[in-house]
Every structure is written in structure tokens, then in C-alpha cells.
Amino acid sequence: MSGRTQARACPERTCVGCRKRAAKSDLLRIVAIEDECVPDPRGTLPGRGAYVHPAVVCLDLAVRRRAFTRALRSPEALGTAELRKAVEATP
């Protein structure tokens, strides 16, 4: 036997708001479409993605730190109005 377990590894990502690592399935993927941050719950939109916990606290931290602009490599500030609506609607 090789000593390996049969359990599959769960992919992890870092929240751009609180900077804590979590399972990819626990985070919300964000992509930039034109000048707006858009939630990508299925993870299928093209382009560079950033991950954030679906909580208003983490979203506020990310906006205050300008983390979306850096993580998505945008030359200018991105709008977060649509993203905020999606996060606030998440139970």
C-alpha cells in the first residue's frame, strides 16, 4: 500500500475580504464585467475571478481595502451595487 487515503482533496480559496482560507464551495466567486463586480455563483463566467464569503462583513472589508480592484487587476475602481444586492439576499 502506498499510504495514501482515498478521500479527495477539497479545493480551497482565500476570501479577499477577511483573508481567511475556506473551501471553494463556501465562497462566492466574483468577476469583473465592464466596470462592475458581478457574482458568479455557478463559477462559469469567463475571466479572472476573486472569492469572498457571502457575508456583508467580508464584502465591506473587501471594498474598504480595494481588494476587488487588485484581485481582478482592474485599472479603475469597480462598482459593487449588484454584488451587494446578491450578498444581502443570501441567507
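Modeller: Happy to. Let's settle one word pair: a residue is buried under 20% relative accessible area, exposed over 50%, and partly exposed in between (1.4 Å probe, protein chains only). This is a predicted model, so local features need pLDDT of at least 70 and side-chain atom pairs pLDDT 80 or more, while totals for chains, interfaces and linings use all residues. Residues are numbered from 1 along each chain as its sequence is written, and side-chain values use heavy atoms, without hydrogens or water.

Now to the sheet. Three strands make up an open sheet, in the order S4-S3-S5, and they pair in the antiparallel sense. (Strands are DSSP E runs of at least two residues and helices H or I runs of at least four, numbered from the N terminus; strands pair if DSSP finds at least two bridges between them.) S4 and S5 are the edge strands, each pairing on one side only. From one strand to the next, the twist averages 40°.

Look at the S3 and S4 side. These antiparallel strands are joined by 4 bridges, and Val31 has Val38 in S4 as its bridge partner. The hairpin of S3 and S4 has 2 residues between the strands, and Glu34 takes a positive phi near 60° there. Helix H3 lies across S3 and S4, at about 25° to S4; such angles run from 0 to 180 degrees between N-to-C directions of lines fitted to C-alpha atoms, for helices over the stretch in contact.

Turn to the other side of S3. There, 4 bridges pair S3 with S5, again in the antiparallel sense. Leu28 stands opposite Val52 in S5, and Arg29 has Tyr51 as its bridge partner in that strand.

Arg29 belongs to strand S3 and Asp40 to the loop between strand S4 (36-39) and S5, so the pair ties together parts 11 residues apart in sequence. Arg29 and Asp40 are both buried.

The whole structure has 3 salt bridges. Another one is formed by Asp60 and Arg84, whose closest N and O atoms are 2.8 Å apart. With Asp60 in helix H1 and Arg84 in helix H3, this pair links distant parts of the chain, 24 residues apart. Asp60 is partly exposed at 34% relative accessibility, and Arg84 is partly exposed at 24%. Arg21 and Glu12 also meet through their side chains in a salt bridge (3.3 Å, N to O). Here Arg21 is exposed, at 55%, and Glu12 is partly exposed, at 42%.

Leaving aside residues up to four places away in sequence, Val52 touches Leu28, Ile30, Leu59 and Phe68, among others, where contact means heavy atoms within 4.5 Å.

Note on methods:
A salt bridge is a side-chain nitrogen of Lys or Arg within 4 Å of a carboxyl oxygen of Asp or Glu.
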